[in-house]
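User: I would like to go through the terms used for this structure and see what backs each of them. Please take them one at a time.

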Number of protein chains: 2
Amino acid sequence: MNIINDIKIARQRIAPYIVQTPLIRLPSLDSFLGCRTYIKAENMQITGAFKIRGAMNKAVSLSPQERAAGLVCASSGNHGKALAYTAKLLGTKAAVVIPYSAPEIKVKAIEALGAEVIRSDLSERFAVAERICAERHATLVPPFNDPYVIAGQGTAGLEIAEQEPELDAVLVPVSGGGLLGGVSCALKNMLPGIKVYGAEPEALPRYSRSLHAGQITRVPQQRSLADALLSQEPGSLCFPLVQQYVDEVFPVSDEYLLKAMKLLLTEGKILAEPSSCIGIAAVLQGLLTVRPEEKVCFLVSGGSVGLSQLDQLKDVTL
Amino acid sequence: MNIINDIKIARQRIAPYIVQTPLIRLPSLDSFLGCRTYIKAENMQITGAFKIRGAMNKAVSLSPQERAAGLVCASSGNHGKALAYTAKLLGTKAAVVIPYSAPEIKVKAIEALGAEVIRSDLSERFAVAERICAERHATLVPPFNDPYVIAGQGTAGLEIAEQEPELDAVLVPVSGGGLLGGVSCALKNMLPGIKVYGAEPEALPRYSRSLHAGQITRVPQQRSLADALLSQEPGSLCFPLVQQYVDEVFPVSDEYLLKAMKLLLTEGKILAEPSSCIGIAAVLQGLLTVRPEEKVCFLVSGGSVGLSQLDQLKDVTL
């Protein structure tokens, strides 16, 4: 598959439905990070995260018959919200499979977007989603391991390259690798000299290990404050892209996630969920050496965070 | 004085020292406000507020001898911080007069920027500042009623006009009127068809009353959550500009300030102090009628807010 072309096509297709999020220069962070700081604010994307890019690209690429039969996914997070919104915007149905263990507030948010919510056991959720697809002839929209989803997420990379072509490096959160795979492909094609890095929770170092091993390596399920980055292994379509286009992936500690979130909020004036701050955290933790004159962009992937979650930042020291 | 020219000169002079803050499209606020929402993010300005524009323009317009004798102001807030930073950047001295009643955290922030802090009684602070100026042959930098300060603040208006020339209206917080006077002058000169509105605390309706009376009218000192907007009367240099260039000034309730702050933070993902959210509050309160297709920009003037202040938002309903 010719990914960079797919990303450019995706951009045209999803343009009517998404916003070009701002790329913001944040000089107030420079002294903390040791570089010229930029963020790509996907927390200001429609539905509050980049996920709408991939879900929408998948949906608009379906035939009218396929689209009318509905969309299905298993996600209580940003992907589920994005799929529900996509279906609403396109006038079709979405069914979102959510584990019994997920908080009621997430269920309500997805129902509020008009989607059908189907509860299941945590371990059963993907099987339930596939069964529903089969029964209804509906389309499964995977969270990352799908060429249309990857191409959709990659559109954020095209925007970054146009908005600030003088960047030296971009840091991207990674879980399954749909965002990192697509964005790194777009960036390296548009700006050959740029460095692209991933950042993942150190409790789930699936990309660090897989890259080191040269093959997809599964890690045990662990908890992390980066609750949007809990995949146990790279997507099979994402991994080769990351191998080809990403310079390094850093495993980041939860402690630095909270520092990064506090820094971005109190100094940068931008609210983002912990998972989204993992690139900033990687630099704070000293995993990547940057220079004061370097222009470094942090892709801030989402902003799903409630006010009560900010209490945990009060005792965090920068 | 030819203000628009002064504003253009100011822009050249202060360009090396400030940042062009982003003008951000925030579609997530559209359904709440009933218009196409943009913000001019002066909370992301150096020192966290627009105030550096005016203070810096005053300082760089002094002769080398004047500048070397130092800068003085009476302000424990954003203006004091901006002046301290200006002096540090230009390699001169700043003395900032702060009332005994001001919180210690503000004193520390200004001292950390290298300024001398002089404590005084609240009612004596301006007299103390003037006495220091006389003793040291230093220059008083007023918070708003000064042509260089007004021209400096107006540079934010030039940026808005260039960044989004298709805007229908801009809402600006107003206290003494330096920001509103300068920005409205810039906007009306650059984009003749645009509407410019001010928003002030309803507890201190100094502009609403003065505009109605056709002359500067003093209001009693009152408290408001908009703690950066507590001036009792319009500046004598600012008032004629507001009369000439501003379409209307709205008195806004504290209740809607908090709603606006919560909306901007939780939906827009942007942290701003209550005073800065007063334009959004004016629309939420129904004081200005807007249409869904109208492009409305809210100047978000500053971001000086601590995490503990966010607790008061938890019980606020949108």
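Analyst: Strand β8 (residues 195–201) of chain B is joined to β9(B) by five bridges, and the two run parallel. The model is predicted: local features need pLDDT of at least 70, side-chain atom pairs count only at pLDDT 80 or more, and totals for chains, interfaces and linings use all residues. Residues are numbered from 1 along each chain as its sequence is written, and chains are lettered from A and ligands numbered from 1 in the order in which they are written.

User: What makes β8 and β9 of chain B a pair?

Analyst: Strands are DSSP runs of E with at least two residues, and helices are runs of H or I with at least four, numbered from the N terminus. Two strands pair if DSSP finds at least two bridges between them. Five bridges join β8 to β9 in chain B, so they pair under that rule. B:Gly198 stands opposite B:Val249 in β9(B).

User: Why are β1 and β9 of chain B called edge strands?

Analyst: The open sheet has six strands in the order β1-β2-β10-β7-β8-β9 (chain B), with mixed pairing. β1 and β9 of chain B each pair on one side only.

User: How do you know that strand β9 of chain B is mostly covered?

Analyst: A residue is buried if 20 or more other C-beta atoms lie within 10 Å of its own, exposed if 12 or fewer, and partly exposed in between, with C-beta atoms placed from the backbone. In β9 (residues 248–252) of chain B, four of the five residues are buried.

User: What relates chain B to chain A?

Analyst: Copies are superposed by least squares on the C-alpha atoms of residues with pLDDT of at least 70 in both. A rotation of 180° with 0.0 Å of shift along its axis puts chain B on chain A, with RMSD 0.0 Å. That is the relation of a two-fold axis. In chain B, the C-alpha of B:Ile270 is nearest the axis, 2.4 Å from it.

User: How do you know that the copies meet through the same surface?

Analyst: Two residues are in contact if their C-beta atoms, placed from the backbone, lie within 7 Å. The contact takes 21 residues from chain B and 21 residues from chain A. Of the interface residues of chain B, 100% are also interface residues in chain A, so the copies meet through the same surface.
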